[in-house]
Amino acid sequence: MTTATLFNYSYSPTPVRHSGPAPAGLRRVVIVGGGTAGWMTALILARALIDRGVEITLLESPTVGIIGVGEGSTPWLRGFFDSLGIEESEWMPACHATYKCGITFEGWSTRPGFEKYFHPFASMLDNLTMRQFVHNVEARINGADVYAHPDRFFIATRLAASRRAPKPHESFPFDVWHGYHFDAVLLGQFLQKKAVARGVHYHPCHVTHANLAEDGSIASVATREGETIAADLFVDCSGFAALLIEKALHTPYVSFANNLFNDAAVALPSPIDGRIPSQTVSTALQHGWAWKIPLTSRYGNGYVYSTQFCSPDSAEEELRQHLGLMDAEVPARHLKMRIGRVAQHWNKNCLAVGLSQGFIEPLEATALLFIQQTATTFVEFLEQGDLGEAAHARFNDMANAHFEGIRDYIVTHYKTNTRGDTEYWRANAANLNLSDDLKKLYSLWMAGKSIAPGVGQQVIGRGYPVFSWYALMAGMGIFPDQPALRAPTAQEARYNMAEIDNLLDRSVTNYPPHATALENIAPRRTEPSLQIYFW
Ligand SMILES: Cc1cc2nc3c(=O)[nH]c(=O)nc-3n(C[C@H](O)[C@H](O)[C@H](O)COP(=O)(O)OP(=O)(O)OC[C@H]3O[C@@H](n4cnc5c(N)ncnc54)[C@H](O)[C@@H]3O)c2cc1C
């Protein structure tokens with residue numbers, strides 16, 4: 001058994017050295033935008049810079065609102081709060097937050113037995129079942145009739161199915177690396193309060209344009225209120241407007257529209273009652289998919305679709321039907337999305353963070369992770385005094401690889417669909433705009449070979465860990481058809497599913513039965529190691 005890092009690319013909070021002088025030439029930072037990206041970045045920069053005399057000011061337009069969606073996270077958000085010393089018991093109730101063990105995908109595949117599957121967040125208990133899962137999947141790709149649906153192998157799946165919290169009792173040492181659901185507006189307000197308390201200046205004003213210096217960097221921004229605000233570093237958190245990185249610096253934009261067709265969304269809340277679930281549900285509809293995110297106060301719902309195939313009115317009607325809200329008075333919010341990324345996330349003295357740097361549709365709720373990763377990595381570069389052109393290039397290569405790794409993981413959900421009920425799903429299945437890495441991965445899988453080394457070495461490994469790729473491909477049922485399967489050899493059939501069921505049945509009772517009851521929100525325990533023994 002070898003040790004594999006859970007995520008091939010680590011985002012764990014790095015200890016920041018607060019001592020010593022501020023990085024050379026950095027006295028004043030201006031962040032434009034007060035959405036989640038602006039405030040998360042403000043907190044990450046404040047932790048590293050304010051004690052060393054750097055002034056951080058966040059400018060926010062009084063007339064342009066935040067996007068106000070984005071209510072699911074990956075487990076990395078836990079690292080964000082932990083690194084700032086903010087307890088779950090403080091922020092979760094303030095943001096109506098719930099725990100998230102992973103995502104159920106419903107209706108993406110029509111292959112018998114694979115009509116739905118759960119993409120679990122990892123747990124330390126997975127060390128006891130991962131080997132069996134990967135073994136069975138690889139046997140089944142090679143034609144053996146063994147059980148290989150991911151749903152019976154992981155504790156997070158059991159927790160979600162029984163609406164439990166991923167918080168084991170004190171005596172049970174297997175932590176689950178969980179994410180969260182939260183109210184986006186409340187999260188923004190919470191982060192703003194924290195950032196201001198930690199010394200970030202908040203200045204409401206509408207930025208009209210940037211003034212460039214002779215070397216093409218940004219010298220200052222001008223506001224509608226008549227001010228000119230100078231800084232050494234500008235952080236563009238202005239959302240899809242991309243005021244600084246694109247409008248001022250003309251950084252090229254790389255569209256992913258040929259890979260991912262969805263470009264719009266419609267969102268609607270619905271009431272929540274009873275026992276709150278601990279998972280997001282993503283249900284494939286006619287021209288996209290619907291999210292269902294449980295908060296303590298409501299469900300957040302939305303339909304992400306492609307305007308090439310469906311009008312906003314039809315999308316809203318289909319979503320209302322799906323939710324049983326045809327006659328409800330609740331107004332829907334319609335949003336446009338731009339899918340792709342800028343070529344340089346750090347260009348001259350401007351760092352783009354959040355929707356301004358790019359966006360991949362929210363299927364796996366990865367946008368906050370990009371924000372956290374971009375700001376944290378930038379601080380690491382600052383700490384190393386690494387600010388030259390080579391550093392810019394290295395930073396941008398890393399960010400681009402991360403975007404592309406995640407893009408390819410999301411593309412695979414669409415590429416492997418078998419619905420065929422609408423032109424939208426047929427076009428997705430037939431789409432040949434695939435990266436070379438993705439083509440290689442599919443070829444290995446179809447040839448019955450392990451994809452683990454490939455994922456680890458290639459850009460796709462920057463987005464998702466190996467086990468997520470196995471969960472996705474196996475969950476969608478990418479195996480030889482049932483009639484073509486043969487009896488397994490003794491080696492292929494060496495793992496007994498009843499033993500795995502038994503282990504997980506016994507384990508699940510060590511997690512509390514209510515997903516988000518306040519008593520489950522306990523002070524932080526010793527952090528679990530991110531090193532997970534996979535295979
Ligand atoms: C449909 C949808 C669903 C999503 N779901 C998820 C999810 O589940 N999980 C996830 O992680 N992410 C999700 N996201 C992405 C997530 O919403 C964003 O990444 C996150 O909210 C950060 O947005 P932002 O701060 O970059 O931009 P915004 O929230 O748009 O904030 C932009 C800020 O810039 C300011 N601004 C704009 N123009 C000016 C100006 N001229 N002068 C001064 N200030 C200005 C605005 O006032 C605002 O404060 C989703 C996105 C969409 C579209």
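This is a predicted model: local features need pLDDT of at least 70, side-chain atom pairs count only at pLDDT 80 or more; totals for chains, interfaces and linings use all residues.

Residues are numbered from 1 along each chain as its sequence is written, and side-chain values use heavy atoms, with hydrogens and water left out.

You'll get 33 residues, the closest being Gly34, Glu60, Val64, Gly72 and Val207. Colour them by type and you'll find 19 nonpolar, twelve polar (Gly counts here) and two charged.

Now show the N and O atoms. A backbone N or O of Val64 sits 2.5 Å from a ligand oxygen, and one of Leu368 sits 2.9 Å from a ligand oxygen. At Gly72, a polar backbone atom is 2.7 Å from a ligand nitrogen. Of the 1,000 Å² the ligand exposes when taken alone, the protein buries 96% (Shrake-Rupley, 1.4 Å probe).

Next, select helix H9 (367-383) and helix H1 (36-49), the elements giving two or more residues to the shell (helices are DSSP runs of H or I, at least four residues). H9 has the largest share, three residues.

Move on to Trp445. Beyond neighbours within four places in sequence, Trp445 contacts (heavy atoms within 4.5 Å) several residues, including Val137, Tyr470 and Phe479.

Definitions and conventions
A residue is near a molecule or strand if one of its heavy atoms lies within 4 Å of it. A polar contact is a pair of N or O atoms within 3.5 Å; within protein, one must be able to donate a hydrogen and the other to accept it, and residues adjacent in sequence count only if both atoms are side-chain atoms.
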